[in-house]
Amino acid sequence: RSCPKASENIYIDGEKMLTYYINKESDEAEKDKLIDSLMLVYDKRIQYFPNDYKSKQPQAGEILGRKGVDLYQLKPAAYIEAYEILKQSLELDKAKSRGPVYVYYFRCVTKMAMKGDTDTAAVVDAYDMVSDYISENIKYYTAKKKPKDVEEFKNIQGNIENTFEPFAQCPDLVRIYQQKYDANPTDIELLQKITNLLDKKKCVDDPLYFDATVSLYELEPTPESAYLIGKLYLKQER
């Protein structure tokens, strides 16, 4: 208490110790007290050591990410509080966030939707944001030739896709991706994402699916996309 800036290890070791005792505690009231103490340790670490000692860069986003993930895992009933913490972490670190932050942030949003604390549109918006950040990581690590990291983020994307499955409704998907298509109609990666997602969710009757498929073929022709366009024209009796 008297020397809170003496060493960052006070807080790093404190996190480890409290996590150990939380996992060993069987009394729920005592466990809640320990969880509150752990959350306070994270806050104090941000307060007294806002920058990483090696890089000298701000580390509040990374610490908030750990705090939010721990809160969700240790106290699932506090999912709204965990959501607020993880949202703040993502706002700070964006595509530089750790993988678990994306996973647990999205779990918080979907849980909020299931409990009636938010609507399905919020889930689609969260999915869109998180997917973009994950795609950035996949591209980054692919360019850096780090296959393990690429595989990690592909697995995270798969986890998010599975969680998203029950919530994806055609009107919400079209609302999100029509805006993106209108802004970047020649972005091949975006077009692939639109066509794959709308096809997977059976939203193929919307004009966006046809427009994105034709645009993708014009930019990157393949026999498969040509065949698909032919089927769509046939369905439209064109």
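## Helix 1 and its neighbours

The buried residues of helix 1 pack against helix 2 (28-48) and helix 3 (60-74), where contact means heavy atoms within 4.5 Å and buried means under 20% relative accessible area, with exposed over 50% and partly exposed in between (1.4 Å probe, protein chains only). This is a predicted model, in which local features need pLDDT of at least 70 and side-chain atom pairs count only at pLDDT 80 or more, while totals for chains, interfaces and linings use all residues. Residues are numbered from 1 along each chain as its sequence is written, and side-chain values use heavy atoms, with hydrogens and water left out.

Helices are DSSP runs (H or I, at least four residues), numbered from the N terminus. Helix 1 covers residues 9-24, and its 16 residues reach 22 Å from the first C-alpha to the last, close to the 22 Å expected at 1.5 Å a residue, the expected span being 1.5 Å times one less than the number of residues. Tyr-11, Gly-14, Glu-15, Leu-18 and Ile-22 are the buried residues in helix 1. They cover an arc of only 105° around the axis, which puts them on the same side of helix 1; the arc is that of the directions from the helix axis to the C-beta atoms. An α-helix has 3.6 residues a turn, so residues three or four places apart point the same way. On the other side of helix 1, Lys-16, Asn-23 and Lys-24 are exposed.

## Aromatic pairs

The structure holds 12 aromatic pairs, counted when rings of Phe, Tyr and Trp (its six-membered ring) have centres within 6.5 Å, with planes under 30 degrees apart called stacked, over 60 edge-to-face and the rest tilted. In one of them, the ring centres of Tyr-20 and Tyr-21 are 5.4 Å apart and the planes stand at 70°, so this pair is edge-to-face. Tyr-21 is partly exposed, at 46% relative accessibility.

The rings of Tyr-127 and Phe-164, by contrast, have centres 3.9 Å apart and planes at 5°, so they are stacked. Tyr-127 belongs to helix 6 (residues 120-143) and Phe-164 to helix 7 (residues 147-164), so the pair ties together parts that are 37 residues apart in sequence. Both Tyr-127 and Phe-164 are buried. Elsewhere, ring pairs link Tyr-11, Tyr-48 and Phe-49 into a cluster.

## The nonpolar core

A nonpolar core is a set of buried Ala, Val, Leu, Ile, Met, Phe, Trp, Tyr and Cys residues joined through side-chain atoms within 4.5 Å. The largest such core has 69 residues, of which Tyr-102, Phe-164, Leu-173 and Tyr-177 touch the most other members. Helix 5 (residues 99-114) gives the most to this core, with 10 residues.

If residues up to four places away in sequence are not counted, Leu-173 touches Val-124, Phe-164, Ala-168, Leu-197, Leu-198, Lys-201 and Cys-203. Lys-201 lies in the loop between helix 9 and helix 10 and counts as buried, at 17% relative accessibility.

## The disulfide

A disulfide is a pair of cysteine sulfur atoms within 2.5 Å, and by this rule the count comes to one. The bond joins Cys-170 to Cys-203, with an S to S distance of 2.1 Å. These cysteines link distant parts of the chain, 33 residues apart, since Cys-170 is in helix 8 (residues 170-183) and Cys-203 is in the loop between helix 9 (188-200) and helix 10 (207-219). The torsion about the S-S bond of Cys-170 and Cys-203 is about -90°, so the disulfide is left-handed.

Cys-170 is partly exposed, with a relative accessible area of 27%, whereas Cys-203 is buried at 3%.

Definitions and conventions:
Helices (H or I, at least four residues) and strands (E, at least two) are DSSP runs, numbered from the N terminus.
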